[in-house]
Amino acid sequence: MERRLLQRAGYVVGGLVLVTGAVVALRNSDTPTAQKPPPPPPVQTTVRDYADEGVLVPQPGAKPAPPKDLRVVSGAHRLQAIWTPDKDMAGYEVQVHGDRFDKTKLVIGSAAQFDNLPGGGLFTVSVRAVDVFGQRSGSATQDGQPAGSYPDESFYPLIDQFDGKVVPDPARWQLAYNAACAHMTRGAGEDARRMVISAACGNESVALRSRTPLRLNNKAGRVMIETDAPGAAGEMTLDLVPGPADLIETTTRSGPPPGTLRVRITPTSLEVPGAQPIQIDPLQTGLSTRWEFALAADGIRVWRNGSLVGSGPAVPAWNEATPLFSFTGPANGLTFVAIDALGLSNADTPAFVPPPRITTTPRPSAAAVKMPGQLGGQLRMTIRSSYGEAMPGPFTVTIGQQTFPAEPAVAGQQFESGLRFPVVANLPADAVVVNDRNELSLQLHSATPNLAPQLVHAALELVPDPAMPVKVTTADEPMERPKPTLPLTTATLLDASGGKIESGHASPRGRVILDITTTADGPVAGLAGVEVWVDNKRIAGLATNRDGPGIGGHWRLALNTAGFPPGIRDLELKAISTDGVTSPQFTTIPWQIPS
């Protein structure tokens, strides 16, 4: 019977069954297969408008109007676009078009800069306003032509526009910072004509030191920097220190070393020695600004892009000082500084010998030998102790079997616990000993037994031996600017009257408001939209790419507590990019629903 049924359906040959023209392989369950794992799911790059029952989401209105008062400012190999901001806009889409050149940026503020443009050509800059749903306005357009030369720099015998073979030139510039939190090199792409500093040093500053001291002539001297620092939430200081300091404290808890002239710049203010803080027009994020600091017998003056913005009566009591530019990032401690030019009113740069690496953890098996090509030098260090830890001087440094005093870099400065304190030690040639890794090992000591200061930073300035040539120094690879990320998304629960529902407090019965806001500093990645999830269930979706990638914004959604079970619910926001490369952002807040 079974055989007749098989014959009606087909026939059996070995392990194959032929059924109505199809061949099916009969596999033993123990036979391994060659199947590959399924591919990962595609990256989400879209958001669908959606509102669950009991949820009300905002709806788009009319498209925005074009930006007003667009102007294009030409600079050396760059163009800046500036326009009047509209507080109701999420941001702007800025494009620059030229011969075989096309670039687009999404920005939060009301300005954008395009660098490393080919000279001699005419470019068209267009700006469109973008609302919170990604709807775009018509374009405001303006033509511009990058300048092929730099502004008048005749004041500065030492001028560095970072167009040499080695960037930065170590004979001119040194970077000082805590541990390994910062890096300085030539920029890449748009920043190819600039020197860039990348840092993740928390709330502490990094310092760019000029190896060329500022020397005054009849009390007159001048320093210049052109840079996009301090950014939207950072600050920049110029310290003219009368001593060999590399890294000093920039907090307001303690002033600079005695005799130092300090100019502090924030996005909205300027502090000049001897004068009250001055409110300045807010600095635009991402735009380079040329700052010039001029000392004279009657005080100090500060120019911003050629216009005088501040002055003070302070006159230095010294004729020579170390210029330090210090940069402090925003609250998250991430800093990316691009520097277009640096200048000094004197150009007597000391000879340079590439120094060894400084370490406090010697390798026991590594034999140390005298470093060739040098006649001794100055060890410049920044030290500190833990807060509340008493550590009186004097301080000493031991290298091999020799011990040397480490004196304050600036006469009269007092050591304070927890704060950075610059000291120096003069070393003879036979004390500059290195191992096979070109490392010089040292140990620090204080007057308190068994209590050593922390070495925050160390650099060695060596005197070259004229009988031996200096090694050629090569530069690091150019550094790419961090890619734009999604704006930071935050969420707050409000009651029906708009009052904030504090974390841990139960929501009132009925309707509550979910307030969603995004913030950013500089260009951002395109935003596809925002989704709202409660207990792993999607309850709302807001698409923000109606006419193109969104930028961010501010939205309010109404939620009805009756539609959710009582208790503590897990409410999560998911912000999704349009590019498939930028990571999504997740924001979670606890939502307590009353019974």
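Strands here are DSSP runs of E with at least two residues, helices are runs of H or I with at least four residues, and both are numbered from the N terminus. This is a predicted model: local features need pLDDT of at least 70, side-chain atom pairs count only at pLDDT 80 or more, and totals for chains, interfaces and linings use all residues. Residues are numbered from 1 along each chain as its sequence is written, and side-chain values use heavy atoms, with hydrogens and water left out.

Q: Is Thr382 buried or exposed?
A: Buried means under 20% relative accessible area, exposed over 50%, and partly exposed in between (1.4 Å probe, protein chains only). Thr382 comes out at 0% relative accessibility. So Thr382 counts as buried.

Q: Which residue's backbone oxygen does the side chain of Thr382 reach?
A: A polar contact is a pair of N or O atoms within 3.5 Å; within protein, one must be able to donate a hydrogen and the other to accept it, and residues adjacent in sequence count only if both atoms are side-chain atoms. For the Thr382 side chain the distance is 3.0 Å. The backbone oxygen it reaches belongs to Leu247.

Q: How are the rings of Phe395 and Phe415 paired: stacked, edge-to-face or tilted?
A: Rings of Phe, Tyr and Trp (its six-membered ring) pair if their centres lie within 6.5 Å; planes under 30 degrees apart count as stacked, over 60 as edge-to-face and the rest as tilted. The structure holds eight aromatic pairs. In this one, the centres of Phe395 and Phe415 are 5.3 Å apart and the planes sit at 55°, so the pair is tilted.

Q: Which residues form one aromatic cluster with Phe395?
A: Phe395 is buried, with a relative accessible area of 6%. Phe395 also forms a tilted pair with Phe421, at 6.4 Å centre to centre and 55° between the planes. That pair links strand β32 to strand β34, 26 residues apart. The residues in one cluster with Phe395 are Phe415 and Phe421.

Q: Which residue lies over the face of Trp303?
A: A charge sits over a ring if NZ of Lys or CZ of Arg is within 6 Å of the ring centre and within 35 degrees of the ring normal. Over Trp303, the distance to the ring centre is 5.0 Å. The residue is Arg222.
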